[in-house]
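Please open the model in a viewer and keep the selection panel at hand. The stops below are given in the order in which they may be selected.

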Amino acid sequence: MNTTLLRLLLPLSLALPVPALAQADEAELEATEDAVEEEDIQLTPETLGDALSCRSHPAAVAFATALFLQGKPPAWMREIKESEETKGVIGLYGYTLSKPVAFLGEQVSTVYFLKDWVVTFWPRDKAAAFIAAQKMERAPIKVTEQYYRFVDPETGPMLGAYEPTGGSIEAALAKAFGGEAPPSPPTDHLFVGCNYTPASQADFLKAAAQSEAMLREAAAGIAASLGSADAD
């Protein structure tokens with residue numbers, strides 16, 4: 001399976017310490033940096049709202065570069081620590097905003113970055129209303145709850161929503177080691193925002209249909225690696 005597609009699916013990318021928006025390969029990074037320079041992206045609430053609303057990949061890259069490569073967040077963004085609701089979600093970086101941003105008609109005061117995602121975190125009832133209003137569909141993924149609507153069906157980006165993934169990862173790893181994790185209770189919050197992975201809707205749905213098998217394979221690989229390390 002193309003690793004690019006894994007960046008659209010949660011929780012299949014099990015462990016990347018820095019968001020992929022700030023970890024592009026050299027050619028991709030040069031292209032996105034050129035786009036940022038050409039458009040002279042300013043780190044403002046308006047441009048962050050554009051990134052969150054699937055309107056500007058260059059804005060998403062500009063924020064990721066400032067936050068994760070340069071370590072220079074705007075003064076109106078303050079990093080927040082892991083909460084009980086987001087516990088166990090690998091590679092998640094959250095910020096509170098002293099200046100709220102506009103997200104497709106909604107005001108947002110917290111924003112998170114996770115790989116190619118720029119998202120906010122809403123109570124389930126608010127997220128469900130947004131999902132319905134934006135005509136997002138449930139993805140064919142059994143291991144977790146995820147919704148999608150592609151802005152461009154051929155290349156993205158993808159407006160999406162998904163539940164926190166810590167419990168799914170723990171369950172997959174438990175099974176890989178021969179154990180059985182108890183089922184996680186339904187989450188009362190969902191992440192909602194935009195994914196900028198360059199992929200088509202058809203490829204995303206194909207990957208989503210194979211997600212359970214891919215997660216088992218990934219977890220088994222981790223288990224094998226850890227077992228090999230213990231043997232050494």
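Which residues in α3 meet which residues in α4? T47, L48 and A51 in α3 meet A59, A60 and F63 in α4, where contact means heavy atoms within 4.5 Å. The model is predicted, with local features requiring pLDDT of at least 70 and side-chain atom pairs counting only at pLDDT 80 or more, while totals for chains, interfaces and linings use all residues. Residues are numbered from 1 along each chain as its sequence is written, and side-chain values use heavy atoms, without hydrogens and water.

Helix α3 covers residues 45-52 and helix α4 residues 57-69; they pack at an angle of about 115 degrees, with axes 8 Å apart. Axes are lines fitted to C-alpha atoms, for helices over the stretch in contact, and angles run from 0 to 180 degrees between N-to-C directions.

Now colour α3 by accessibility. Six of its eight residues are buried, that is, under 20% relative accessible area with a 1.4 Å probe, protein chains only. These are P45, T47, L48, G49, A51 and L52. Their cover includes α4 and the strands β1 (77-80), β2 (93-103), β3 (106-114), β4 (117-123) and β8 (189-195). Just after α3, select C54, which takes a positive phi of about 65 degrees.

Finally, move to I131 in helix α5 (residues 124-133). I131 counts as buried because its relative accessibility is 8%. Leaving aside residues up to four places away in sequence, I131 touches M136, Y147, A161 and L190. The C-alpha atoms of I131 and L159 are separated by 9.5 Å, and the two residues lie 28 residues apart along the chain.

Technical notes: Helix = DSSP H or I, 4+ residues; strand = E, 2+ residues; numbered from the N terminus. Buried < 20%, exposed > 50% of the residue type's maximum accessible area, 1.4 Å probe, protein only.
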